Amino acid sequence: MNGDQAPNNPVVLFNPQRMRQVHRSVKGRHTRERLFRWFCVTVACSSVVLLVVILGAIVAQGMTRLTGTFLTAPPSPNVDEAGFFPPIMGSLWLLVLTAVFTLPLGVGAAIMLEEFKPRSRAIRATRSFIQTNITNLAGVPSVVYGIVGLTAFASMFGFFGNELSPTWEIGVTYYDQFYNEADRVLLVPVDGPQAPQSQGKSGMTALVDGQEVQVNVIGIDAPWPDDEEVAQRTLRQGDLPGRISESRRYYFRLPFGRSVLTGALTLMLVILPVVIIASQESLRAVPASLRDAALGLGATRWQVVWNVTLPAAIPGIMTGAILAMSRAIGEAAPLLMIAGIVFISNPPGNLMDDFTAMPLQTYNWAQRPQREFHDLAASSIIVLLTVLLCFNATAVLIRQKFQKPLS
Amino acid sequence: MSQAFSTASDAPRPIGGRLRSRRSVRWREYGILSSLGGATLFSVLVTAAILFVLGLETYQFFRHDEVSLGDFFGGTQWSPLLGSTKYFGIWPLVCGTFLVASVALLVAVPLGLVTAIYLSEYAHPRVRAILKPALEVLAGIPTVVYGFFALQLITPGLKLFSEGIGAYNALSAGIAVGILILPIVSSLSEDALRAVPQSLRDGVYGLGGTRFDAAVKVVCPAALSGIVSAVLLAAARAVGETMVVALAAGSTPKMTLNPGEEIQTMTGFMVQMALGDVSNFGVEYLSMYAVAAALFAITFAFTIVGAIIRKRFREVYE
Amino acid sequence: MIDQTVTMPSTAGARGLPAPRPTDSRAAAAASARNLGPMTHSSSSGGAIAIDIRDFNAWYGAFHAIRQITIALPEKRITAFIGPSGCGKSTLLRWINRMNDTIPIARAQGTLRLHEVDVLSRATDVVELRRRVGIVFQKPNPFPKSIFQNVAFGARIHMKITKSETAALVEWSLRKAALWNEVKDRLHQSALGLSGGQQQRLCIARAIAVGPEVLLMDEPCSALDPRSTAAIEDLMLELKQQYTIITVTHNMQQASRISDYTAFLYTGDLIEFGQTQQLFTNPQKKETEDYITGRFG
C-alpha cells in the first residue's frame, strides 16, 4: 500500500515538488470569488436601475399633462383639450367582460385537471395532451390571438355577412334621418342597415322628438307652411335622408364586429392559459392530507373540491387571476389587430360598441411624430401603470393575508 | 352500539335526519363533471381555432396567382403594398424578426442568468426581498410602455454614440425587448438553479470549493436543461413581441444584419396590415395570415423544443 | 473563551474583524496558513492526536446542541461517534471542517484544533481546511457529471494539473475507493447511473482525490443496502492506514466492527470516550451501558 507513495508515483498527490508547482493560490481563488460576487451584485442591481430609469423618465415627461381634463375629456387633436376618459372606460369594460368569461372557464379547467385525476389510460393520455396544449397556448404570441379573434369573433369567418350588414341583430333600430327647413329632424324607421333609401311620401309615419307624426310632403316650389304643427312634419320633395341607427343597452348582433365584446373575447384567449396554470399551481399546493380527510368522511369528489380544496386554494387563485387581469389591461397587440386606431370620443354603451383601451390610446399618441403627443402618451402611461400598481398591490396583499400554512 | 354491521340507513346517527339521496348526489356529480370537462376542452377548441383560422386563410393566400410557395419561402423581397409587382418573399421579415430577437437575447441572457445566479446562490434574503419584486414589476410593465421607452430614450441615447442610427432601428427595439424578456430569463433560470439539491452544493463545499466553484462549476451545469429551456421560452417571447417593434423598429422589410438600420418584423407587418386601409379580401390582406402562420410555427417550435429539453435532459436526483 | 462567529466560505478571512484573541492563536493561525501546503502525509505512526477538541459548545439559534465537550481524536484511527438521534454527533462532526458554516443560525465556541490549525478561528481559511478535512455525507451526492469528472472535480479546483496527471489521480482514487474495477470501462458515463453503494464509494474517491488527512463520514452507510455497507466498511478499514477517519453511526454493530475508538454522546454531552473494545465490553457509565444494550435510544 505504501508503495504508491514513492516520489516517482505518477499520482500528483505524492510528489511534493510538483504539488507546490500546481497548487492554486488560495488567495487568488478568494479574489476571484469576491470579484464574481461583485459582478453578480452589479448585474442584478441593473434591473432595479432600469426600472427606476424607465419609470423616472416617463413620470418626468408625463406629469405636466396629467390634469383633471386629461382624466375626464375625450381624446382630441388639440393637445391641450385631449383626454383619456374613453380609453379608461374601454379598459374597464374589457376588464369586467374578460374576467367574467375567463375566470369560470380557467378555474373550471384547472379543477378538472388537478382534482379529477383519471384512472383509465385513454383519459390519462387525453389529460396530458390537454396539459401540454395549455402550456403551448401560453407561448403563442398575443398578436396571433388578435388575428384569430379578428377572424373568429369580429367577422365570424364571414358566415353571418359582414359587420355593416349583420345577419342577425337585436336591440337596434335603423332610421332614415331627414332635416327639414324648420330645422326639425324627422326619423323614418327602416328595416335594416341595407334597406333601400326611403323617399319622402305624404302620409308615411315618422318620428319627431319621439312623437309619431304623418309626414307632409310639399313640392319643390311650394311655400313653406306657416302652421308650426304642420311645418315640423313637412318635407320638400327630393329631400335626401341619412341612415342612422339607435341601439339599446342590450344591442347584440352576429358577427360581433370590431366591438368591445370581440376585444374581451380575444383577451380571454390570451389570458386563459395563464389563469389555468396559476389556478392549477394553487390547487396543487393544497396538501393531500386535507383531501384525504374529506374523502375519508365519504364526501364525493365534488364535495371535496367545493368544501375543502377550493376554499384553501382561493387566495392563490385570486392572486393569479388578478395578475392575469393586469396582463389583460396592459395588452395592446391583440386589441390593435381588432380595434385598430380609430377616433373614439365616447365610452362604450353596449357590447357591440366600438372601443379603445388605455394601451391602444398610448400607442396612438406614441406613434405620432409631434412631441406634444408623446407627452400625452407619457401621461397615459402613468395612469395605466397606476392602475396596474393597484392590481399588483392587491394581489400581494391577498397573498400575504391568506398565506397561512395548511398543514 | 353493539350492532357490528348495519346499512347506512339504520346505522345509529347522533342527529336524526335523512341522508341525501344517492341518486341526486350522483347526478349532480355528473353534471358538474361534464361542465368542468367542457371548460377543459375549451382550450383544445382554442388551439383548433388557431390552426383552422391560420390554415384556412393561408390556403386562400396561396391560391392567388401572384403567390407561390416557392416565392414565399425562397424570395428575399417583401413588398406587398408598393409598386406594380408585389413580392411575397418572407425572408426579409424573418430576418428582421431574428435580428431584433438576437439583440434582445444578447441583452437578456447574460443579464438574466447572472441575476438568477446571484438570487439563487448569493443573495441575502433582504436583498432578494428588493430584487424579486423589482423584477416582477419589470415583468408586469405593458409592452407598449417598453415601445415608448425605446422610442423616447433608447434611440436618442444610441444616436449619441453613432451617427448612422436612424429614428427607427432594430437595435433600439432589440434592447427594449431584451429588458422586457429579462425577467423571464432570470425567474425561470432561478427556478432551475433552486431545483438543484443543496446536497450538491454541500458536496462542493466539503471538497474545499468556494461559492464560485459551486455556482459556476456544479449548480449551473446541473441546471443547464432548465436554463436552456428558459432561454428558448424567452426567445419565443422575443420573436412574438409586437408593440415594441411596431413603435421602434420601423416598417421597411430588409435583408440586413446591421441592427442600426430600420427593418420590419413579422409582427410589425401584421400590425401595419391591421391598421392600414387594405381591402379585407385582397392578396395583401391575406398575406397577413400567412405571416401569422409562419410566426405561430416558429414560436411553437421554440416552446416545444424548450419543453422537450426541460423534460428529457432534466437530471433526476433521488 | 472567545465567541467565534463564522462566515461563509466566500468571505472567510476576508472581513477579518480584529476580534480580541490570544496572540498564540493568531500565531498558530499564521503558521497554519504557511503549513497548509501540499500534502502533509506524515509517516508518524498512530497514537498521535489529530484533532483536539476542548470545552466545545455549539448552538443552532437558541438550541444548545453540544455542551462543553472535551475530546482528543487519534491520528490514523477510526473514531466512531454514537448516540441516539439529536445527541449532537453529526453537529460535532460537521464542525470539524466547518460544514456548519452553510447553516446561518449555527454557532460554536471553544477550541477545536486540527494539528496546528485553529479550526474555529475567523482567520482559518475554510477552503484550505476542507481540502485537508474531507467529508462524505449520509446520502451519496455525486455531481451530475461523468464518473471521471466527479473524481477530478475536487483536484481541479485546488490544483492546475495536466491531463495525464488527472487521469492517474482519478485511477488512483478509484482504486483506493475499491471502485476502479467496476467503473473503469465507463468512466465517462454519468455518475448518476451508478448504484447507491457505488455512488457512495465514488464520493469517497472524490474526497480522497484532493489529498485530505482526515475523512469525516456522516452515517455513510445509512442509505445503503447491507452488501454496499459491507463494501464501505472494508474500505474504511483499508483507508485508516493513511487517513484519520471519524464516522457517525446509528448502528452499534458497525461501530464495534470497524472503529478503534468510540465516543458516546447523549443530549449534547459526551458521556464516555474510549477504546471501542473497552467501551462495548466494559462501559464505565450507566447511560452507555443502557444504550449499547438497547435499553433506550
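**Exercises on a predicted three-chain model**

Ile135(C) stands opposite Leu216(C) in strand β8 of chain C. The model is predicted, so local features need pLDDT of at least 70 and side-chain atom pairs count only at pLDDT 80 or more, while totals for chains, interfaces and linings use all residues. Residues are numbered from 1 along each chain as its sequence is written, and chains are lettered from A in the order in which they are written.

**Exercise 1.** Find which strands stand at the edges of the open sheet in chain C.

*Solution.* Begin with the strand order, which is β7-β8-β9-β4-β10-β11 with mixed pairing; strands are DSSP runs (E, at least two residues) and helices likewise (H or I, at least four residues), numbered from the N terminus, and two strands pair if DSSP finds at least two bridges between them. Next, note that β7 (133-136) and β11 (269-275) each have a single partner strand, so one side of each is left without a neighbour in the sheet. Then look at β7(C), which pairs with β8(C) (residues 214-218) in the parallel sense over four bridges.

**Exercise 2.** Determine how helices α10 and α13 of chain A are oriented and which residue classes form their contact.

*Solution.* First take the angle between α10(A) (residues 301-330) and α13(A) (residues 371-402), which is about 170°, with the axes 9 Å apart; axes are lines fitted to C-alpha atoms, for helices over the stretch in contact, and angles run from 0 to 180 degrees between N-to-C directions. That makes the two helices roughly antiparallel, a label for angles over 145 degrees. Next, list contacts, meaning residues whose C-beta atoms, placed from the backbone, lie within 7 Å: Pro315(A), Met318(A) and Ile322(A) are among those in α10(A), and Leu384(A), Phe391(A) and Arg399(A) are among those in α13(A). Finally, sort the contact residues into 13 nonpolar, five polar and one charged, where Ala, Val, Leu, Ile, Met, Phe, Trp, Tyr, Cys and Pro count as nonpolar, Asp, Glu, Lys and Arg as charged, and the others, Gly among them, as polar.

**Exercise 3.** Decide whether helix α12 of chain A is enclosed or open, and name what its buried residues pack against.

*Solution.* Nine of the nine residues of α12(A) (358-366) are buried, so the helix is largely enclosed by the rest of the structure; buried means that 20 or more other C-beta atoms lie within 10 Å of the residue's own. These residues, including Tyr363(A) and Trp365(A), pack against α4, α10, α11 and α13 of chain A together with α5 and α10 of chain B.

Methods
Angles under 35 degrees count as roughly parallel, over 145 as roughly antiparallel, 65 to 115 as roughly perpendicular and the rest as oblique. Two residues are in contact if their C-beta atoms, placed from the backbone, lie within 7 Å. A residue is buried if 20 or more other C-beta atoms lie within 10 Å of its own, exposed if 12 or fewer, and partly exposed in between; C-beta atoms are placed from the backbone.
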